[in-house]
Structure formats: C-alpha cells, structure tokens
Amino acid sequence: MRVLVITASKHGSTRQVGEVIAARIGAGGHDVLTRDAELVGEADLVLAEAVVLGSAIYGARPLSSATALATRLAEEVTGPVWLFAVGLKSVTRDPLRPAATRPNHGGFRSGAVPVFGGVVDDAGLSRAERALIGALGASGRDARDLELVGAWADAVALQVTAAAQGSSSTLPVV
Ligand SMILES: Cc1cc2nc3c(=O)[nH]c(=O)nc-3n(C[C@H](O)[C@H](O)[C@H](O)COP(=O)(O)O)c2cc1C
C-alpha cells in the first residue's frame, strides 16, 4: 500500500519520530512517503492509501498545520488514518494497547491519540521558548523512546497489510 507519513514539527523531534515510523512501515513491505505538514499537496493525499499524521505538542495543543490536516484527512482520505503526538506531558504509558494503535479519523481531540515522549534541546529554542521551558522545569528533558515508537509503527504496519489484503480479497475469484 502507498502510505503517507506526515509530521508537524517545530524543532525536528516529531519529524525524527515520523522517520522511524516510515522506516518501520516501509520494512513491512509498503511504499512510504514522508512529508512535512506544511508541504502536503493535493496529489499526496489523492495517492495515499493510508496516512499516519503526527504533531508536536506546544502549549497543550498540536500544531495548527496538523489539526487542519486531520480535518482534511477525515474528509478526503478514504483509507485508514493513524494519528500520534509528541510531547513531554501526558506521554502515553502503553501506546501498544489496541485503542492507541487503531486507525483514527476523529482528530487530535478524539482521546485515542498516543503521545510519544519528545525532547527539549535548549540550544534550538527562542528566548521566549527557553524562558517558558525553564519555568516549567523541562529544560534539557529527553523523553524519547524510539524503540517504543518502532513497536507502535510495527502494529500500524500489520494493520496496513491487513487492509491491503482485505481490499485484494474483494477482487472477483476467477
Ligand atoms: C515552548 C515549548 C512549549 C511546550 N509545550 C508543551 C506542552 O504544552 N505539552 C507537552 O506535552 N509538551 C510541550 N513541549 C514539549 C514539546 O512537545 C517537545 O519538546 C517536542 O519534542 C517538540 O517537538 P518538535 O521537536 O517536533 O517541535 C513544549 C516545548 C516547548 C519548547
């Protein structure tokens, strides 16, 4: 299946998570394309048979480019869509449980979106961001677990494979 992995990232860690997911789904035998949320074109959505969309969390919200895309995906993509987020608060303890690995057309507020641990690299932050992160006591925090991300991606890849087999099994038997 043609799978589009989209990430909305300000400082790169969500993009990194997306690359891990893309590599694992690709290793599952699928044709994977990665895109930044701001650069997703109409053709990308038309060609995608399944989509994974992830966003960094800032100020307790996903980035607006991701929320806008989640709405578009619900309207324009008929294949399965998976959502994920990357942040430092409310990191999902068990993103491998079925509810967190199922396709999700409900948007980031649906409640079933796994949050993977992110990272704060103070060197890349603006002054305002650094002040905020300092006040929150999150300076230099690194909560990344790319193995766990890979395991989640494997669960998604299995479902993409099942969806592909499901669609081929509807072909007439001759
Ligand atoms: C200014 C700022 C605000 C943040 N606000 C939140 C937040 O409200 N909730 C959260 O879970 N993480 C928050 N984070 C942590 C980011 O989600 C985390 O650093 C993430 O890895 C950033 O992703 P990115 O590198 O793709 O931009 C914040 C980070 C910064 C720098």
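**An exposed helix, an enclosed strand and the ligand shell**

None of the ten residues of α5 is buried, so this helix lies largely in the open; here a residue is called buried if 20 or more other C-beta atoms, placed from the backbone, lie within 10 Å of its own, and helices (H or I, at least four residues) and strands (E, at least two) are DSSP runs numbered from the N terminus. Helix α5 is followed by G137, whose phi is positive, near 70°. The structure is a predicted model, in which local features need pLDDT of at least 70 and side-chain atom pairs count only at pLDDT 80 or more, whereas totals for chains, interfaces and linings use all residues. Residues are numbered from 1 along each chain as its sequence is written.

The protein has six helices and six strands, which follow the pattern β-α-β-α-β-β-α-β-α-β-α-α along the sequence. Buried residues make up 34% of the 174 residues.

Strands are taken to pair if DSSP finds at least two bridges between them. By this criterion β3 runs parallel to β1, to which six bridges join it, and L4 has V51 of β3 as its bridge partner. Six bridges also join β3 to β5, again in parallel, with V51 standing opposite V81 of β5. The pairing of β3 with β4 (residues 61-62) is antiparallel and rests on two bridges, one partner pair being I57 and P62; these two strands form a hairpin with two residues between them, and G59 in the turn has a positive phi of about 55°.

V51 also belongs to the largest nonpolar core, a set of 40 residues in which V3, I25, V51 and L53 have the most contacts; such a core comprises buried Ala, Val, Leu, Ile, Met, Phe, Trp, Tyr and Cys residues joined through C-beta atoms within 7 Å. The elements giving two or more residues to this core are β1 (2-8), α1, β3, α3 (64-76), β5, β6 (115-117) and α6 (146-168).

The ligand is surrounded by 22 residues, of which S9, T14, A56, G87 and G118 are the closest, a residue being counted as near if its C-beta atom, placed from the backbone, lies within 6 Å. Two or more residues of this shell come from each of α1 (13-27), β3 (50-58), β5 (81-87) and α5 (127-136).

Notes:
A residue is buried if 20 or more other C-beta atoms lie within 10 Å of its own, exposed if 12 or fewer, and partly exposed in between; C-beta atoms are placed from the backbone.
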